[in-house]
Amino acid sequence: MSVEMIIPCIASAGTGLNLEFLSIDLGTIIGTLLNTLILFLVIKHFLFGKVNQILDDRKKYVEDTYSEADKAKENAKALEAEYDEKLRAAKEESADIIRNATVKAQQRSDEIVFAAKNEAAGIISRANEDIEREKKRAVNQIKDEISDIAIAVAEKVVEKEITSKDNDRLIEEFIENVGEL
Amino acid sequence: MGFAQSGDFGGVSGPGVLFYFDLPIVGRINITESVVIGFVLVVAISIFVIWLTHGMKKIPTKRQIVAEWIVETVNKLVKDNMGPSHLVYAPYIATIFVFSITGSLVSLLGLRSVTADASVTIAWALICLVMITYTKLKYSGFGGYLKSFTEPIFVMTPMNIFSEIMTPISMGLRHFGNVAGGMVITALIYWALANLSAKLHLYFSMGEIRIGVLQIGIPAVLSVYFDLFSGFMQAFIFIMLTMANVGNCIPDDKK
């Protein structure tokens, strides 16, 4: 195989001449520089230009997405803090309410107990007074009855001659009378 | 190259001249195989690149992933060797790399390797010299550029100038030498196998062309090294040297 078999159109233009195996040829250098320049421009514009553009776009897109996500995260954190604050305030308030209610209830129960104690003390003292009075009344009644009996006994003693038998009987009578009381 | 015929080894010729102009002052301008095959490669690569990157979207297709991988790989290579602020060189590096590889691999189609022409590789090396000089002028100014040749001592000036010119020349010649050497060895082996086949009467004829049986298969194994491996390696070495030589002229704090 040779050049002629692959690219016949070039072969037809061939001069049949060959350069030296190791030769520095101005035409080849200029031609190679032009070839390289064309390839460089194509690769620069169509490969690196386009790909770098798309890579930059993607990088920017990713950065944007990340910054948006960060923003959303910050927002969420702020909201969370706000809600925490609100929750804390509400808890404090409820605790206050409970504390106040407890204190009030304690006060009220203290008051009730105090009042009840007072009342009970009053009732007891009144009852004691009543008992005392009744006792006095009973004692006085007994005293009256005893004196009545004594008077009756004395009358009977005065009416009759008192014998020893009579005396004994009187005493027994008296005692019986007393017993009837 | 073509299939070597048995007989005396005719040697390996330089690139064929397809047509030429005789111009005044500059003399004869040859349009050689290297330039025409190079131009065909440029057109083919351009079509491939344009196909690769047309209709790119934010969500990439397989085609686009390949394009992005190429660009990112070259960008990373340039970033590592020349610093992140010199990504502007990346398209050029990619150009030389793909041109060099395809230029070497056209030998698989039976064409003469573009890179087996010293003029081609030296043209690329000259671009490298221009880039080196531009970079030096940019970072140390014209005075600093001239002064750098007298360092470390004034006596070194001719040596430094010589070294400055030889850096790209050696780059160009080593690339040419590797590919052309492989081409010569391949041709020699074809010739040797053709002669061996002729001696053993193991050949068949296709019209004018006589093909030795031993010429089939054995050269393919060598082709894997001389065409595929060497073509890839030389392209890679050439771009690494380009980046290293230009990168060396960039002060560390400007990379």
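Author: This is a predicted model, so let us begin with a term: two strands pair if DSSP finds at least two bridges between them.

Reader: What makes β1(A) a partner of β1 of chain B?
Author: Two bridges join β1(A) to β1 (residues 16-23) of chain B, with the strands running antiparallel. Pairing asks for at least two bridges, so this pair qualifies. On the chain B strand, B:Gly16 is the bridge partner of A:Asn18.

Reader: Why are β1 of chain A and β2 of chain B called edge strands?
Author: The open sheet of three strands is ordered β1(A)-β1(B)-β2(B), with antiparallel pairing. β1 (17-18) of chain A and β2 (27-32) of chain B each have a single partner strand, so one side of each has no neighbour in the sheet.

Reader: How do you know that helix α1 of chain B packs on the sheet?
Author: Helix α1 (residues 33-53) of chain B touches β1 and β2 of chain B, and its direction makes about 45° with that of β2(B).

Reader: What counts as contact between chain A and chain B, and how many residues take part?
Author: The C-beta atoms, placed from the backbone, must lie within 7 Å. By that rule, 44 residues of chain A are in contact with 51 residues of chain B. On the chain A side, α3(A) gives the most, with 26 residues. By class, that side has 26 nonpolar, twelve polar and six charged residues.

Conventions:
Residues numbered from 1 in each chain as written. Chains lettered and ligands numbered in written order. Predicted model: local features only at pLDDT ≥ 70, side-chain atom pairs only at ≥ 80, totals over all residues. Helix = DSSP H or I, 4+ residues; strand = E, 2+ residues; numbered from the N terminus. Contact = placed C-beta atoms within 7 Å. Axes fitted to C-alpha atoms, helices over the stretch in contact; angles between N-to-C directions. Nonpolar A, V, L, I, M, F, W, Y, C, P; charged D, E, K, R; others polar.
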